[in-house]
Structure formats: structure tokens, C-alpha cells
Amino acid sequence: MASLFSDNEKNAIESMLNDVHDTFKKNIYVYIEEVTSIDFSDTQFNPIYGRSFNQAKTSKDKKLTKHTVEARVFYDSQKDNEFIEDIGAGSSENIIRIKVNYDAKELIKNSSVIEVDDERYSLISDAEAIGPFSNTYWKIYLKRDG
């Protein structure tokens with residue numbers, strides 16, 4: 001099928017969109033819980049809970065690795081009320097949209113916590129590919145924790 005744009009025009013448009021991303025990006029932090037090794041010789045160990053039977057869970061049990069990724073962040077206070085109710089966010093101020101590249105999307109998909117502008121967020125949507133000619137960036141919605 002013929003295209004309205006030549007390959008050179010497509011490359012130029014993609015380049016301009018990359019410039020927009022580079023202009024408005026900021027660092028956000030993605031925390032991923034580390035997988036600890038399991039001692040199968042301990043007959044009391046429960047791999048579902050990650051600890052031995054009757055062992056109290058402590059905050060030090062959770063080891064998080066911090067990753068810095070670049071994202072465009074959009075704070076939208078005009079979200080659809082039905083969307084807000086469906087996800088239980090309380091108000092639209094608790095929801096943000098970020099746009100990230102593929103590598104960042106893969107990190108966010110496996111994250112425990114995401115930190116944006118010194119606020120903690122959690123993932124509430126699947127990543128949606130965006131781009132006019134290729135899937136260069138991914139749109140993701142986050143909900144403020146607490």
C-alpha cells in the first residue's frame with residue numbers, strides 16, 4: 001500500500017517527536033523488588049510469602065532496586081469521572097500520565113513503586129504504544145499512593 005509520506009519525511013517527523021520528548025522529559029524513579037534466593041533445605045520456608053512459617057514479616061525483608069528513567073509527565077485535572085471511580089483514585093489530581101520509551105516501559109511493568117516529583121505512584125494501566133509510524137513511546141497511567 002502506498003504511503004502519504006516518503007521514508008525521509010517519516011524519519012523527519014519521528015526526529016521532531018524525539019526532540020519534543022528530549023525537551024520535556026524529566027527523571028522519574030522506578031523501584032523494582034529484588035528476587036532473593038530461596039533455601040529449599042528449610043522445610044518451614046514458604047515461597048509464596050518469602051519467609052519461614054510463623055516468621056514475622058519486616059520492612060527489611062523487601063529489597064528494592066532504584067532505576068532512573070526519563071519520562072514526559074502530564075498532570076491532567078480534567079479526567080473522566082467514570083474512569084476515576086473505576087480505579088478508585090478519589091480525584092483526578094491523583095492520576096498522572098507518563099510517556100516513556102520501550103526500556104522504561106519494561107521496567108515500569110515490573111515495578112513495586114514509581115516516584116515522580118517526590119510522590120509515590122503505582123501502575124494502574126497497561127502500556128499503550130504511541131507514535132505515528134512506529135511504537136517509539138508508550139503511554140502509561142499512574143495513581144498516587146496514599
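Reply: Accessible areas come from the Shrake-Rupley method with a 1.4 Å probe. In this predicted model, the protein chain exposes about 10200 Å², and carbon and sulfur atoms supply 47% of that area. Buried residues account for 25% of the 146 residues.

Me: What is the pattern of secondary structure along the protein chain?

Reply: Along the sequence the pattern reads α-β-β-β-β-α-β-α-β-β-β-β, which comes to three helices and nine strands. Among contacts between residues at least 6 apart in sequence, 66% join residues at least 24 apart.

Me: How is a pair of aromatic rings described?

Reply: Such a pair is described by the distance of the centres and the angle of the planes. The whole structure holds two aromatic pairs. In the pair of Phe5 and Phe133, the ring centres are 5.7 Å apart and the planes stand at 75°; because planes over 60 degrees apart count as edge-to-face, this pair is edge-to-face. The pair links distant parts of the chain, 128 residues apart: Phe5 lies in the segment before α1 (7–24), and Phe133 in the loop between β8 (128–130) and β9 (137–144).

Me: Which residues form a nonpolar patch on the surface?

Reply: Leu4, Phe5 and Phe133 form the patch, with about 320 Å² of accessible area together. Phe5 is partly exposed, at a relative accessible area of 35%, and Phe133 is partly exposed as well, at 32%.

Me: Which charged end sits over the ring of Tyr137?

Reply: That of Arg72, 5.2 Å from the ring centre. Lys105, in turn, lies over the face of Trp138, at 4.3 Å from the ring centre.

Terms used: Residues numbered from 1 in each chain as written. Predicted model: local features only at pLDDT ≥ 70, side-chain atom pairs only at ≥ 80, totals over all residues. Heavy atoms only, no water. Patch = residues over 30% accessible without salt bridge, like charges linked within 9 Å, V, L, I, M, F, W, Y side chains within 5 Å. Salt bridge = Lys/Arg side-chain N within 4 Å of Asp/Glu carboxyl O. Buried < 20%, exposed > 50% of the residue type's maximum accessible area, 1.4 Å probe, protein only. Helix = DSSP H or I, 4+ residues; strand = E, 2+ residues; numbered from the N terminus. Contact = heavy atoms within 4.5 Å. Phe/Tyr/Trp six-rings, centres within 6.5 Å; stacked < 30°, edge-to-face > 60°. Lys NZ or Arg CZ within 6 Å of the ring centre and 35° of its normal.
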